[in-house]
Amino acid sequence: MVSLMELYQLLPKLNCKECGKPTCMAFASSLLSGEADLADCPPLYESEYAEQLQQLESLLAPVSGATETGLIIHEELCFGCGNCVVACPVNVANDPHGAAVGLAPSSDKVILRVLNGVVVATNVHECRRLGNDKILCDVCIVTCPSKAIEFV
Ligand code: SF4
Ligand code: SF4
Ligand code: SF4
């Protein structure tokens, strides 16, 4: 995942406030949270910053396969062990007698399930990383032995 410092280093660092933020660092933070767009920084579109703009665009481009939570499942790495399925706290809360104990899901509110030997994500709006709570849950990542789950 792109870091605040990576974004900051590529900005013009003029602290000119044209973007409506007090500093370039504050703007970098808004970029990271999705509250600001690169287009809000006019100096960035001057020719001397063309290369930095290109790098920023590529860092902030939506990643192919990412869900609305930023969840990506690398199918080529997943071997369907189900660790993430039984560990996901949303699965546990919504389907305690099905997905949470390694059985076929009995609720359509689960997020992670194994289908044809590979995990798939549905109902990602239920993921703890979304919504008002925005809890930085990483249970599915840390329980995966093959690093098949990533958030971007
Ligand atoms: S407009 Fe660009 S250069 Fe100026 S403060 Fe904002 S981020 Fe920095
Ligand atoms: S981040 Fe947490 S809530 Fe979201 S899918 Fe992974 S384990 Fe479930
Ligand atoms: S823990 Fe990893 S390998 Fe196992 S089912 Fe989940 S994503 Fe696939």
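Of the 15 residues around ligand 3, those that come nearest are Cys-78, Cys-81, Asn-83, Cys-84 and Cys-144, where a residue counts as near a molecule if its C-beta atom, placed from the backbone, lies within 6 Å of it. By class, this shell divides into 10 nonpolar, 5 polar and no charged residues; Ala, Val, Leu, Ile, Met, Phe, Trp, Tyr, Cys and Pro count as nonpolar, Asp, Glu, Lys and Arg as charged, and the others, Gly among them, as polar. The model is a predicted one, in which local features need pLDDT of at least 70 and side-chain atom pairs count only at pLDDT 80 or more, while totals for chains, interfaces and linings use all residues. Residues are numbered from 1 along each chain as its sequence is written, with chains lettered from A and ligands numbered from 1 in the order in which they are written.

The other two ligands can be described in the same terms. Ligand 2 is surrounded by residues including Cys-88, Ile-111, Leu-112, Cys-127, Cys-137 and Cys-140, along with Arg-128 and Arg-129. Helix 5 (89-94) and helix 6 (139-143) are the elements that give two or more residues to this shell; helices (H or I, at least four residues) and strands (E, at least two) are DSSP runs, numbered from the N terminus. The shell around ligand 2 holds 9 nonpolar, no polar and 2 charged residues. Around ligand 1 there are 14 residues, of which Cys-16, Cys-19, Cys-24, Phe-27 and Cys-41 come nearest, and the classes there are 10 nonpolar, 1 polar and 3 charged.

The chain is assigned domain 1 (4-60) and domain 2 (71-151), with bounds that come from an automatic or database domain assignment. The C-alpha centres of the two domains lie 34 Å apart.

Helix 2 (residues 24-33) has Cys-24, Phe-27, Ala-28 and Leu-31 buried, a residue being buried if 20 or more other C-beta atoms lie within 10 Å of its own, exposed if 12 or fewer, and partly exposed in between, with C-beta atoms placed from the backbone. Seen down the helix axis, these buried residues fall within an arc of 105 degrees, so they line one face of helix 2; the arc is that of the directions from the helix axis to the C-beta atoms. They pack against helix 1 (4-10) and helix 3 (50-60), and helix 2 is followed by Gly-34, with a positive phi near 85 degrees.

The largest nonpolar core has 17 residues, and Cys-84, Val-85, Cys-88, Ile-111, Leu-112, Cys-140 and Ile-149 have the most contacts inside it. Such a core is a set of buried Ala, Val, Leu, Ile, Met, Phe, Trp, Tyr and Cys residues joined through C-beta atoms within 7 Å. Strand 1 (71-73) and helix 4 (83-87) are the elements that give two or more residues to this core. Apart from it lies another core, of 11 residues, including Phe-27, Ala-28, Leu-31 and Leu-56.

Two loop residues deserve a brief look. Asn-116, in the loop between strand 2 (112-115) and strand 3, has a positive phi of about 50 degrees although it is not a glycine. With 6 C-beta neighbours inside 10 Å, Asn-116 counts as exposed. Lys-147 lies in the loop between helix 6 and strand 4 (149-151), and its phi is also positive, near 55 degrees.

Notes:
Two residues are in contact if their C-beta atoms, placed from the backbone, lie within 7 Å.
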